[in-house]
Amino acid sequence: MSFNLNNNRNIQRKSKWLLFAVPFILSFSGCKKLFEVPGEKEYISNKISYGTKFFEPILGRTTLMGSFNADNSTQPLTFSIVNARYGDGRPITDFYKTKEVWVWTGAYDGKEKTLEEINSKRKKELRPLLEVRASGQLILWSSATDDLIPARKTDSTNLLQDRRYFDVKVSNIGGEVIIKDLEFRLWRERPYEPSNDFNPYTGKIAITPADFLDPINKLNYIRPSRISNIIGKSTRKELVSNDVVVSIRPFSGGNGHSLRFRFLDKNAVVINPAKFNETKWDQLVHGFNRQTTDEYVQYDVAYPIPLINIPTSYASGGRANVNFSYSRLGFGGIRQVGSIGLDFSIYREGDWEIVFQFRNDNPKFEDE
Amino acid sequence: MKIRTILRVLVCITFLSLSLKAQVKQVTLKGTVIDEGTKQPIPAVSLVNSTTNKAVTFTDGKGHFSAAAPVGSTLIFRYVGYQPYRLKVSTDQLNLTIRLKETNASMDEVVIRGFVARSKEVTTGSSFSVKGDELQDIPVANVEQLLQGKVPGLNIQNNTGAPGFRGTVQLRGLATLAVSNSSNETFLQPTSPLYVIDGIPIDADKASEMGFDLQGPGISPLSLIPQEDVESIEVLRDAQATALYGSRAAYGVIIITTKRGHSQIPRIRYTNNFFVSTPPALRETLGGNDERALKLEQIYGNAKSFADIIRISQTPMLSDSLNSYYNNSTNWQAIFYRKTFNQTHNLAIDGGDQKFNYKANMGYFANKGILKNTGFSRYTLNMNAELRPNDRFRFTTFLSGGIGKQQKGDGLGFLQRGVADNAQSSSLLPGPSFYQSSGGVVKSLETVNDNATRNIRTSIDAEYTLLPGLKIMSTFNYSFSSDIEDTFTPAAANQQFSKVYGFNGRSNSLYNRNMLNYSATFKEKHSIYVSVANDINESRGQTSAIRQERTPNDQFQGPLGFDAFLSKGGGVLTYNRGRLASFWGSASYDFMRKYILDLAYRIDGTSSSGLNNPFSKNPSVGLRWNFGKENWMSHFDWLNSGSIRVSWGKNITPTGSLSSIYGKYNIGGNYNNQQSIGIDFGSIPNPNLQPKTREMYNLGLDFSLFNGKADLNFDTYFSEIKNELYTQNMSNTIGFGNFPSNETGMVNYGYELYFAIRPLSSKNPFKLNLSFNGAWNNNILTRLPEGYNGQNILFAGADGQHTILRVGRNTLSNYLYINQGVYAVDNDVPVDPVTGFRYQTGNQVYKAGDPNIKDVNGDYILDKNDYQITGNSQPLITGGMSASLSYKSVGMNIYGSYTAKRTILNNALASRLSIMNDPFGGKAVISLPDVDMWRKPGDVAKYPYAYDYNRYSIIQPFRYDQTLWQEDGTYLKINNVTVFYTFPKKFAQRLGISNLRVQMSASNIITFSKYSGPNPENVTALGRDLSAGYPNSRDYIFGFNLDL
């Protein structure tokens, strides 16, 4: 009998336990599930877009493109280039080739003392020629050169089968959006700037029709950016920029990363650079191991020039600035400082020389 | 039932078998068990044999019992909620009356439900009561403040020290997503529970109904109720409890009952408090030469160019130290802050008996603010009288009038920007004198600001019993309030021209409620209660203002002689008129007070609901099982009572306005020399607008344990807010600006726990009560209008702290830059592998000593793409605790409250550090040795370098929109400690009085927190710590009560 009662008590004890436990279990098992409260989702706007759908980068230069408007979508977003195709539907594969390219690891500030110091701030990495990064910016690396990616047609046609389309897939945990029909129309490499001495479509020199047999007689020339107080030897008039032609051209015999400056007179005879006696040779370019000969001045440099687009003592506005100057006693005993300068950039690594040729008259270095 | 029958049989058999064994003389006992208090029979009382500890028998439905017991044994009459009664068995007793005493008051407490008093034991809703006695320790302008930490689930943050202003009050979590957002000052629309004072609903948010562009006096009607007159406060938390207050009850209901007369001999009670308010610790600034030296050091150390050094000699404040104009050390903060001495007086008279009783309470309260030129004072008279000539008729009248006077200085009361700015003035400037170096000082101190709110509430309440159990009740209330503000700004404070601002507002409300109730008990087991009722509320209000510029002089303050060209003139600011009409029916059934079912259905019509659906229907249902009354529970000695409650219901609160439903016409330009009136294109009217609805599920458990020595209440709830008014901006091709919609919603769910213990026995002269309560509330946004696709960001200007609403997350999150520390050395700044540029913002690169802000999207530029959702501005856990210890007539009470798991943005520190942004300017400097700040390359620090003034404009090291200021706002506050002593009766009588009690208290004593700002509580409802906020004072109080 008493056994029964105890048994009953056991039931009571159990029920008491349940009494405590049930509400707790109910409540802790998650009201969220019970009442179908929506879970948190990252936000992705369907209005995300690029500022432009059409990109015209120049090959051979590292170009960062695309102003991406995330429309407050939850960052970070994941981007990928999908469905790269020609206008007729053929897939594009050349963008996905990989090649070694310089990437920055430290901050270049223009105060580096050696070439090694510069190179310690960057390293070579194997990268696809075209990438899209987490900010949505498209990167066309300088490793994408004419030989790897065909640029636009030299005859300037733009047929559908040659047009390069691609889509960008943007996603986060909240979902994904595909931005469709972005287009690349690539300019072929222009290894240096100013590049007005060749045709951007063909890469070849455009020759003056009037005198097309003369290989020097281009339709257009690079002219010095600055010229002042340089007096012509025979005309005795101040030379202007049209009197000088600049060539930026590779030379052979360098160490693969050298830059040379040469001066020619109107007869294509070398002018000794030492005649530009006021030139600050050590601060001319961010180069090292200066070799000065009677014919040229040469430096070991790091390409591209300039390395990055920040103002340094060698560069401003995205171009390297060089100035050559000399002084002489001018008419009436006044000291005249003649100078000639160029703002330029060179993108392709190699041995380059920059030649200043006085075409119409030679500068007068002697005192009056 | 089956179990019980089996049990009975078993018990009988056991008893029989025992008696067979014992062979002792049996006697028969017969009688009735009744409740000592109510004299009602108690069914199902168990009679337990003390030697065997087994139940002998139970009383029947009429409380009768009949038992046989051996002589010499002891029978224990045991019933949940009552003290056991021991009966020594000697002879046959056939007409016994056993009176059981209740052990536990909380179960039989009477609570107000739907304007009708009912026993708490048979209510199914969740509520919590606070007795008026617990609200007397500290004199406050607003009795609501004292509820902080006393009611689980009621989150009160006394976040302004401005006298007469309210803090924020939220019951069971956030109930709105309406914020006003500008720069780093973001405010939340207040969603205060509905207050029902003596049966009359009042709107406590009246003061802030115009948002934070506060106009007129900000005196809440609650501030006009003296705490001495409060009998009890009950907080109704779930939808069942609030069901019958539906038309405005979505935020919960707080019922305040004022005192009634209940003494045959008229009583006079006088209460006096004298208190000192002291300002908190103020910002430490450097004075005089220290300031000059620091500024010079700062310039020399961080000058960007030689021009900066030259500028020193052009800045006489820095270079001309011998000039007596700049040779000062003025403590500007001391000019604005002060210690104040205040007093309150309250005289209460009451008397009467059952047939007629009356009460009158006269109160005076004055609190001068710790900021000069601010303060609050209150004069009140509250009276009521109840007439009950016979058992069938009852008639009660209430009359209360109050005048609240307030000075806000030149600020808004809780925001004192003028003071905040001027208190930062350079200590080198001469202090206030005949000559003023800072016009702001005059503005703050000499602006004459007088606010007055005059409030009258009258009501009559009649009740007539037609037939036994059938009652008809009617209540009629009229309240009127007038709000006036006059501000005079003297000429010296306003560029040599005085000006006048006048505000005038009146509002009135008419309320009528009629009820028909029927209650009956059948067969002594089944009780029913049925009620049908309706109420109507009409309220009107209008505010107008006048502003006159360039009044004649400081002596003649107007209204004549102002500059007609510059003056804004006057006119109506707001006009409102609204009606609410409700009809409801409720029914309740209980079986032996064990199984209770409550049903209610209510139809609410409001004039601010859309034309197409003016009525909303709000049902509710509640169930309660007092399992502690089950017989099988009587074996658990430690359990006095236990019950489980389940409820579900819906409530509304009107949110729309007439113009959001009907649209608006506006005066346009002239056409054909005729004034044109056309449609206002600002907003599309929405005739489908619905009131805000709150649907709530609640599950509760109540226990009373160990003979009433411990109480435990637990509630868990899930509430969903739907139809929140949300103004959706329209596309600019639509033609209209925005659209008021209902398409938002959020949920709150959480747990509430209350635990009280009285560990000492009732015979012990020491009495100790300890209580603890806590609430955990989680808030999730569940819906935004369709077009938003689950997210909307409330941008707060360029450098502001943005608020983000995202579905599935806590409703109000911050949208900020993620601060990861400070760059120790330049090389820590990341470099873009593509461009070779350092991480930058606004074309200026970061360097050592700058904040390391996470570049979320990886473009090496800090811009708006790098904002992240972070933090939760609403506290997750709130609660409080109390302890009271007394020995005979000496005692001590301690109240504490806490808030945990909340994100605070320490804008006070942000502005404190960025005060260093201009060493040439006229601001004070602070000494920063205590700040974990970067000072030299290699320092790993939390805060960026403050001294490099050149970096403030672009890098903005102390920008507000970063997580550097995000801190955990967890705090534990000792609200107050009170020591009291009641003089012995004899001593009091010798003085000619019947009772004398003295007490000493201190309030706002200490706050324990890891928060690095001044006070983790003194922040806005969105967790922004404003340096322009009004700090909370610490008060020391001496008071006494005497009864005549």
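Author: What follows starts with the sheet in chain A and then turns to chain B.

The model is a predicted one. In chain A, three strands make up an open sheet, and their order across it is β3-β9-β8. The pairing in this sheet is antiparallel. The edge positions belong to β3 (63–65) and β8 (130–132) of chain A. Each of these two has a single partner strand, so one side of each is left without a neighbour in the sheet. On average, and with direction ignored, neighbouring strands of the sheet are turned by 20 degrees against each other.

One pairing in the sheet can be followed down to residues. Three bridges hold β8(A) and strand β9 (residues 138–140) of chain A together in the antiparallel sense. Within this pair, V132(A) is found opposite L138(A), which lies in β9(A). In a regular strand, side chains alternate between the two faces of the sheet.

Another strand of chain A, β2 (residues 54–55), contains F54(A). This residue counts as exposed because there are 10 C-beta neighbours inside 10 Å, and the cut-off for exposed is 12 or fewer. F54(A) and F358(A) are 304 residues apart along the chain, and 42 Å separates their C-alpha atoms.

Chain B also has antiparallel strand pairs that can be traced by residue. Strand β2 (residues 46–49) of chain B is joined by four bridges to strand β5 (residues 74–78) of chain B, and the two run antiparallel. Here N49(B) has L75(B), in β5(B), as its bridge partner. β5(B) is also joined to strand β6 (residues 85–88) of chain B, again antiparallel and through four bridges. In that pairing, T74(B) stands opposite K88(B) of β6(B).

As a whole, chain B contains 11 helices and 54 strands. The C-alpha trace of chain B spans about 115 × 75 × 70 Å along its principal axes. Of the 1044 residues in chain B, 47% are buried. Among contacts in chain B with a separation of 6 or more, 70% come from residues 24 or more positions apart.

Definitions and conventions: Residues are numbered from 1 along each chain as its sequence is written. Chains are lettered from A and ligands numbered from 1 in the order in which they are written. This is a predicted model: local features need pLDDT of at least 70, side-chain atom pairs count only at pLDDT 80 or more; totals for chains, interfaces and linings use all residues. Two strands pair if DSSP finds at least two bridges between them. Axes are lines fitted to C-alpha atoms, for helices over the stretch in contact, and angles run from 0 to 180 degrees between N-to-C directions. A residue is buried if 20 or more other C-beta atoms lie within 10 Å of its own, exposed if 12 or fewer, and partly exposed in between; C-beta atoms are placed from the backbone. Two residues are in contact if their C-beta atoms, placed from the backbone, lie within 7 Å.
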